[in-house]
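The tour goes from one selection to the next.

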Amino acid sequence: MTQTSSAESLINDLAIPTDLAKSLVGGGLLIKTYGCQMNEYDSEKMANLLENTHGLRLVDSAEEADVVLMNTCSVREKAQEKVFDELGKWKKWKAEKPHRVIGVGGCVASQEGKVIRKRAPYVDVIFGPQTLHRLPAMINDALGTRSVHGKAKAVIDISFPEIEKFDHLAKPESSGVSAFVSVMEGCSKYCTFCVVPYTRGEEVSRPFDDVLAEVRALAAQGVREVNLLGQNVNAYRGKMADGDVADLALLMQAVRNIEGIDRIRFTTSHPNEMSNNIINAYAELPELVSHLHLPIQSGSDRILALMKRNHLALEYKSIIRKVRAHRPNLSLSGDFIIGFPGETQADFEATMKLVEELKYDRSFSFIYSPRPGTPAASLPDDVPMDVKKQRLYALQELLNQQTLAHSEALIGTVQRVLVERLSRKSDREMAGRTECNRVVNFVGDIDMIGTFVDVKIHEALTNSLRGEVVATPEAGLATPQFYGL
């Protein structure tokens with residue numbers, strides 16, 4: 001759809017006055033995304049949806065935009081204040097051109113919708129992760145209200161209509177050779193530190209055939225790698241056409257059979273959902289990468305119990321051993337929370353011991369921050385902040401050493417790399433990713449994009465690798481449509 005030729009029909013479809021419609025249709029859209037890959041996926045869907053319904057095009061700055069959206073995350077401390085800091089910058093922007101629209105979505109919106117409206121009355125729409133598909137109608141309603149009353153009146157929808165949103169989003173589109181595919185929403189684990197069940201709802205899986213239809217559509221556009229997403233993606237239980245229920249292992253088996261898909265990832269996972277079927281998939285599915293992101297949060301059984309993780313460190317380590325029996329070169333990543341209320345030095349040392357034993361690749365680690373409404377927020381916290389910072393520093397030093405060791409161990413090896421784009425370093429170089437998600441830069445040409453090449457690694461840098469192509473087994477299978485060629 002072009003922005004000019006379809007403008008009149010778009011205006012006619014909008015339930016808002018023509019003057020306001022004309023000021024919005026075909027305008028610019030800025031989306032600021034915070035947090036996890038689920039939010040990145042949701043932001044991409046918002047952009048596609050608003051392009052189809054309002055002709056909006058993505059822009060790089062608020063000055064170019066007619067609609068600005070913030071897709072928020074409430075996992076970390078001070079998330080709410082970051083939202084209001086950004087909204088403060090947009091207040092003057094909107095005052096200059098009243099037709100402009102401000103929207104706040106995501107987990108902070110879900111948790112603090114009424115507070116946002118009270119503190120920032122110039123916000124037009126407030127929506128949750130499960131209602132982003134209603135965004136076009138919400139924008140129309142906000143503009144219609146503004147026309148009648150002469151001022152904005154926020155339209156708020158932070159309900160949990162389960163899986164409904166996937167039936168109303170735009171058709172899958174990809175601008176690259178790798179794509180995210182959300183297979184489930186929400187979380188039912190209720191860890192004491194986590195706000196996700198309260199902001200995204202409980203676990204709901206997309207129907208099996210719906211997921212496969214999206215993957216097929218992406219494969220038809222040249223996508224070679226899919227990353228299956230969920231708050232606890234390995235808890236996937238999708239209904240099948242015959243009434244049976246598919247788990248993640250069966251879903252990945254079906255995805256691998258889709259023509260064009262040659263690499264599969266999944267994130268993020270919970271140890272309690274790492275079934276034997278999923279573990280065995282590492283032996284049975286060559287398309288499944290030798291990488292696993294499996295958060296544990298702490299190596300102390302006492303802290304794990306306080307977190308309501310419902311597993312022991314020994315059980316977690318057993319899972320890793322089983323997967324590595326199938327994939328000895330497994331790249332393991334995880335999440336760690338340091339300074340959870342009541343954490344002792346012995347608890348921290350248990351975490352360090354676990355990390356030393358399992359030899360993580362890349363991981364995420366944070367100082368515990370209480371989230372409003374979660375059980376852990378009311379626990380007495382007698383760990384001084386300077387102690388928490390010292391512990392975090394020690395853990396991150398160890399994790400960084402392990403990451404460097406993994407990178408250096410790749411020197412001299414030949415890695416299968418999916419070529420994604422031109423390198424940011426040089427227009428003579430290409431960039432792609434290994435199975436362990438390392439970016440590799442190497443001399444090549446644009447015809448390689450969309451193909452797998454074999455690259456011999458000769459240098460490990462801080463955030464990437466360098467190498468040289470030693471084989472191009474898929475020469476002639478390039479996908480130049482990603483560059484408009």
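Helices here are DSSP runs of at least four residues, numbered from the N terminus. The model is a predicted one.

Start by selecting residues 196–200, which form helix H7, and pick out threonine 199 within that helix. Is threonine 199 buried or exposed? Threonine 199 has a relative accessible area of 0%, so it counts as buried, the cut-off being under 20%. Now show its surroundings: beyond residues up to four places away in sequence, threonine 199 touches Ser74, Cys107, Ser110, Gln111, Pro129 and Phe160.

Next, select residues 208–220, helix H8. From first C-alpha to last, the 13 residues of H8 reach 19 Å, close to the expected 18 Å. Colour its buried residues: Phe208, Val211, Leu212, Glu214, Val215, Leu218 and Ala219. Why do they lie on the same side of H8? They cover an arc of only 160° around the axis. An α-helix has 3.6 residues a turn, so residues three or four places apart point the same way. Just after H8, stop at glycine 222, where phi is positive, about 105°.

Then move to the largest nonpolar core, which has 58 residues. Leu228, Leu251, Phe266, Leu292 and Tyr360 touch the most other members. Select tyrosine 360: its contacts beyond four places in sequence include Ile296, Tyr316, Phe336, Leu399 and His406. Another core, of 20 residues, lies apart from the largest one; among its members are Ala62, Trp90, Trp93 and Ala109.

Terms used: Residues numbered from 1 in each chain as written. Predicted model: local features only at pLDDT ≥ 70, side-chain atom pairs only at ≥ 80, totals over all residues. Heavy atoms only, no water. Helix = DSSP H or I, 4+ residues; strand = E, 2+ residues; numbered from the N terminus. Buried < 20%, exposed > 50% of the residue type's maximum accessible area, 1.4 Å probe, protein only. Contact = heavy atoms within 4.5 Å. Expected span 1.5 Å × (residues − 1). Arc of directions from axis to C-beta. Core = buried A, V, L, I, M, F, W, Y, C linked by side-chain atoms within 4.5 Å.
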